[in-house]
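Biologist: I want to learn how to read a model like this one. Take me through it feature by feature, please.

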Amino acid sequence: MKIVCDHCKNEFEACPSCGSGDIERKINFNIIFLVVVFLSCIFSAYRWYSALDSYERAQRLRRAYLKEKIESRPTLPFAK
Amino acid sequence: MYQCQKCKKQVLTCPACKYRIKDPKATLINQVAGVLVFLTIIFVSLEIKVKEETEIAMKPFRQAQEETEKKEKVKEAGPPKQAKPDSNAAKKKSNNKKSGSAGKEGDFRAGTWGTLRSEILENEKAQKLEVRNDPYNLDYLTKIGNFEVVAHYMFAQNRLTGGCYILTGQNLDGLEEIRNNNKIKVGEACPSWVKLDFSYYQNYSSPILNSIAAADQFFYEMYISLASQMGPPESTALEELENSITRNEKIESVLAYDRILVYSWTTQRSKINFYFACLDSRPYFRLEYLSLKNAEKEDNR
């Protein structure tokens, strides 16, 4: 695998320690981290969506309750 | 990160310049992960906020549920004796609805704005008064609590545009003393239309509205009744002074110095004005309902 240095723009393929050309990229940890973060993101989005749903239901219930409460208010002791 | 498969050592620095080698692919993955972490934080904070609001919305229901549970527990502990339904109370309730002044749907008594004069004449059950013989007014004698009041309908183009309850009292004693003590003077001077009302309804002044205490009580009971139904008034005659002067000062000022106080509310269909005034030591109350269209004209009165 060809490695390019960002600083001096040199390319090298051999290991600086043993001179072997068998160098590989190791990004397993990064991928695992990405997957975990992605899953947690999906999970938190789902939880937010569920909370939003129950919030809307609560608001509908509250509106219905308030409407009923206002309509069933006792009337004044004179006409209105 | 790069690693040699043979010696298992990580290649971290450039052999030529000894600077740290960056892996563009790993950097990209880390950046994407960073964005996802940021999104996760946003979703979590949104969820917390929404849950808080849901909690606020559900609070009265939870409280009611808790109360019900408590009641159930009390019932389980010892069954209470079942009270007999109060037949008198039920009768009173139904009588109130039939009285023609309370409980009926309407903008003023049984009439909605725009009702024809002839319909009011047909439907109004209270005692009709022959005070003014013109097509713009109709007067009836009715009751608010123990007080006999005049229910006055106002018409324009033969249709109902407003109405009011008018209550006038007897000459009050003790006002001279208040004047001599130089008590605070608040409110506007009593307008001329109050004098006109006194002349129209001089035979219908309430005999029990004959003391400062009775005027005070009637004013506050009416005010509290209105405020409890419609909230605090939208406008008051005293504005900022309203909360800084005492109840007694307000009453004494109106009664002793012939002033007028006005409190106003607006509902979806009506403007409601409550006037408390005094003229020549006689208290005057007027609870006025005006259609919103007519309210502006009446305001310019």
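Modeller: B:Cys190 is buried, with a relative accessible area of 17%. Buried means under 20% relative accessible area, exposed means over 50%, and partly exposed lies in between (1.4 Å probe, protein chains only). Some ground rules: this is a predicted model, where local features need pLDDT of at least 70 and side-chain atom pairs count only at pLDDT 80 or more, while totals for chains, interfaces and linings use all residues. Residues are numbered from 1 along each chain as its sequence is written, chains are lettered from A and ligands numbered from 1 in the order in which they are written, and side-chain values use heavy atoms, without hydrogens and water.

Biologist: Is A:Cys41 buried or exposed?

Modeller: A:Cys41 counts as buried, because its relative accessibility is 6%. In chain A, buried residues make up 21% of the 80 residues.

Biologist: How many helices and strands does chain A have?

Modeller: Helices (H or I, at least four residues) and strands (E, at least two) are DSSP runs, numbered from the N terminus. Chain A has 1 helix and 3 strands. Their order from the N terminus is β-β-β-α.

Biologist: Now chain B. Where does helix α1 bend?

Modeller: A bend at a residue is the angle between axes fitted to the seven residues ending there and the seven starting there. Helix α1 (residues 24–77) of chain B bends by about 50 degrees at B:Met58. A proline, B:Pro60, follows within four residues. B:Met58 is also one of the buried residues of α1(B), which include B:Phe43 and B:Glu47.

Biologist: How do I read an aromatic pair?

Modeller: Use the distance of the centres and the angle of the planes. Rings of Phe, Tyr and Trp (its six-membered ring) pair if their centres lie within 6.5 Å; planes under 30 degrees apart are stacked, over 60 edge-to-face, the rest tilted. The count is 23 aromatic pairs over all chains. One of them joins B:Phe219 and B:Phe274, stacked at 5.8 Å centre to centre with 15 degrees between the planes. This pair links distant parts of the chain, 55 residues apart: B:Phe219 is in helix α6 (residues 212–230) and B:Phe274 in strand β10 (residues 270–279) of chain B. B:Phe219 is buried at 1% relative accessibility, and B:Phe274 at 0%. Both belong to a cluster linked by ring pairs, with B:Phe147 and B:Trp265 among the members.

Biologist: Which residues does B:Thr142 contact?

Modeller: Contact means heavy atoms within 4.5 Å. B:Thr142 sits in strand β4 (residues 137–144) of chain B and is buried at 12%. Leaving aside neighbours within four places in sequence, its contacts include B:Arg109, B:Phe147 and B:Val149.

Biologist: And where does B:Val149 lie?

Modeller: B:Val149 is in strand β5 (residues 147–156) of chain B. At 1% relative accessibility, B:Val149 is buried. Its C-alpha atom is 5.0 Å from that of B:Leu167, 18 residues apart along the chain. B:Leu167 is among its contacts too, as are B:Tyr140 and B:Tyr165.
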